[in-house]
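Please load the coordinates in a viewer and keep the selection panel at hand. The stops below proceed from one selection to the next.

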Amino acid sequence: MPGSTTGHREPTSPWASALDASRRSTTLFVARDVAVRVADRARIRQCLPLARRQTRYPEFIKWTPYGLAEGNSGIAVMCSYFDRCLPGEGWDAIGHGFLAEGVTALDSSRPIQSGLFSGFSGFAFALGSLSRDGNRYQRLLTGVDEMLAPQASAAAARLGTGPPGVPVSAFDLVSGASGVAASLLERDPHGVLPGILTALVRLVEPTDGIPRWVTPPELLTSESMRQLYPSGNLNCGLAHGIPGPLALLSLALRAGHEVPGQAEAVNALAHWLASHGVDDAWGVGWPDALTPAGQPASQMASAATRSAWCYGTPGVARSLWHAGEALNDEDLRRTAVKGMTSVLRRPVELRYIDSPTFCHGIAGLLHIVLRFAYDTASDCFMKASTDLVDQLLAAYEPDRPFGFASLEAENAAVDRAGLLNGASGVAMTLLAAATGVDPAWDRMFLLS
């Protein structure tokens with residue numbers, strides 16, 4: 001119901017901007033300026049050494065020509081969206097150039113992992129984005145489909161059928177089976193998607209004891225995590241945890257891709273997540289992880305964390321919304337909206353997302369709010385989208401190489417171009433907020 005924060009509507013109108021004319025103009029100017037900068041390959045090359053000096057984590061500053069998160073494929077997806085929103089400006093040709101470099105890199109870099117954000121399925125996603133519904137690059141699409149099919153089957157096989165205990169990289173969105181399946185939702189000529197769906201259903205089927213998707217302590221990524229979770233944990237982040245498979249299985253169900261037990265798995269997992277929310281002064285939220293018994297590891301770990309796409313309430317809420325849509329479950333939709341409204345009630349400084357970027361920053365939250373605004377027609381979400389756009393515009397620094405910098409711990413500013421942790425993801429989100437073209441690219445983030 002329009003104006004409601006708990007109601008539901010089936011969207012019937014096209015995607016539209018909620019911004020007033022002046023904000024739309026400014027937002028579009030900034031989005032275009034940033035896109036021009038990040039589409040400059042020489043600038044990207046020049047800024048990589050700079051970024052490695054700026055960051056405390058230089059090992060993570062890299063550029064992969066075929067990569068989606070931090071590479072040419074991500075810029076190609078950005079160019080595809082700009083071409084749809086602003087036809088005639090040459091974005092399609094720019095995207096083609098980035099894609100061509102990705103092809104060259106693929107030819108000289110095999111074997112390549114299958115993961116969505118830095119592997120082969122991400123390149124497939126970018127290729128599909130620029131193909132104009134498969135009407136271009138047909139020979140290349142055919143070759144990529146043939147190469148991706150066995151990789152997808154292998155990703156399903158890695159989930160196994162044994163006792164509980166798998167690394168999150170086997171099933172998550174960033175590196176695992178959920179990300180590969182997200183690409184296959186767009187295009188699956190070899191019919192390998194059902195195999196991944198079946199493996200994910202087995203992974204999340206309810207059990208009497210520990211869930212099969214638990215991460216044992218020896219597979220946790222740091223010593224601090226092993227100390228906090230000596231028996232392992234249940235990851236609750238959309239990027240690396242179980243909300244990714246939930247969102248993927250739900251989106252597949254809505255699109256007509258169903259295997260035995262899928263609806264039951266979606267129902268069980270969604271209600272498990274819904275029942276493990278944590279209440280605070282602003283409403284319900286979700287922690288990063290829980291113990292294998294479904295309990296917080298400590299008082300600190302029980303708190304709802306940063307209000308981001310990757311971890312925290314926004315990503316979990318979006319996965320619950322998808323489940324509610326797939327099952328036509330109003331309670332799940334209501335829980336998702338309650339989670340998002342609790343985020344928006346939280347003071348900005350307590351959202352813990354200072355960076356303007358997508359993964360764990362303002363752009364990711366804005367984009368999720370845009371999706372909820374579209375799905376619910378809620379005045380609450382429409383106003384919040386305007387406020388978040390203003391936050392991003394305030395972070396725009398035209399003197400920086402890409403216009404936006406990624407903010408790390410203690411506000412260390414790092415100049416990055418990439419889609420996940422750099423300026424291109426901000427540009428795409430701002431364009432989605434300012435124009436009337438559905439941002440279908442957010443499938444790679446499991447947001448639609």
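This is a predicted model. Begin by selecting the aromatic residues: the structure holds 15 aromatic pairs.

**First stop: Phe117 and Phe445**

Select Phe117 and Phe445, whose rings form an edge-to-face pair with 5.9 Å from centre to centre and 80° between the planes. The pair links distant parts of the chain, 328 residues apart. Phe117 is found in the loop between helix H4 (91–107) and helix H5 (120–130), and Phe445 in the segment after helix H18 (423–434). Are these two residues buried or exposed? Both Phe117 and Phe445 are buried.

**Second stop: Trp213 and Trp272**

Next, select Trp213 and Trp272. Their ring centres are 5.3 Å apart and their planes stand at 90°, so this pair is edge-to-face. Here, too, distant parts of the chain are linked, 59 residues apart: Trp213 belongs to the loop between helix H9 (193–204) and helix H10 (223–228), while Trp272 is in helix H12 (residues 262–275). Trp213 has 3% relative accessibility and counts as buried. Trp272, at 19%, also counts as buried, because the cut-off is under 20% relative accessible area.

Return to Phe117 and display its contacts. Leaving aside residues up to four places away in sequence, Phe117 touches Gly67, Leu68, Ala69, Leu173, Val174, Trp309, Leu420, Met444 and Phe445.

Widen the view to the largest nonpolar core, which has 149 residues. Which of its members touch the most others? They are Met78, Phe117, Trp309, Met444 and Phe445. Helix H16 (residues 362–376) contributes the largest share of this core, 10 residues.

Select Arg41 with Phe98: Arg41 lies over the face of the Phe98 ring, 4.9 Å from its centre. Then select Arg318 with Phe372, where Arg318 lies over the ring face at 5.0 Å from the centre.

**Last stop: the cysteines**

How many disulfides does a search of the whole structure find? It finds zero. Cys85 is in no disulfide, and the nearest cysteine sulfur, that of Cys79, is 12 Å away. Cys85 counts as buried, at 14% relative accessibility. Cys359 counts as buried, with 10% relative accessibility.

Definitions and conventions: Residues are numbered from 1 along each chain as its sequence is written. This is a predicted model: local features need pLDDT of at least 70, side-chain atom pairs count only at pLDDT 80 or more; totals for chains, interfaces and linings use all residues. Side-chain values use heavy atoms; hydrogens and water are left out. A disulfide is a pair of cysteine sulfur atoms within 2.5 Å. Buried means under 20% relative accessible area, exposed over 50%, partly exposed in between (1.4 Å probe, protein chains only). A nonpolar core is a set of buried Ala, Val, Leu, Ile, Met, Phe, Trp, Tyr and Cys residues joined through side-chain atoms within 4.5 Å. Helices (H or I, at least four residues) and strands (E, at least two) are DSSP runs, numbered from the N terminus. Contact means heavy atoms within 4.5 Å. Rings of Phe, Tyr and Trp (its six-membered ring) pair if their centres lie within 6.5 Å; planes under 30 degrees apart count as stacked, over 60 as edge-to-face and the rest as tilted. A charge sits over a ring if NZ of Lys or CZ of Arg is within 6 Å of the ring centre and within 35 degrees of the ring normal.
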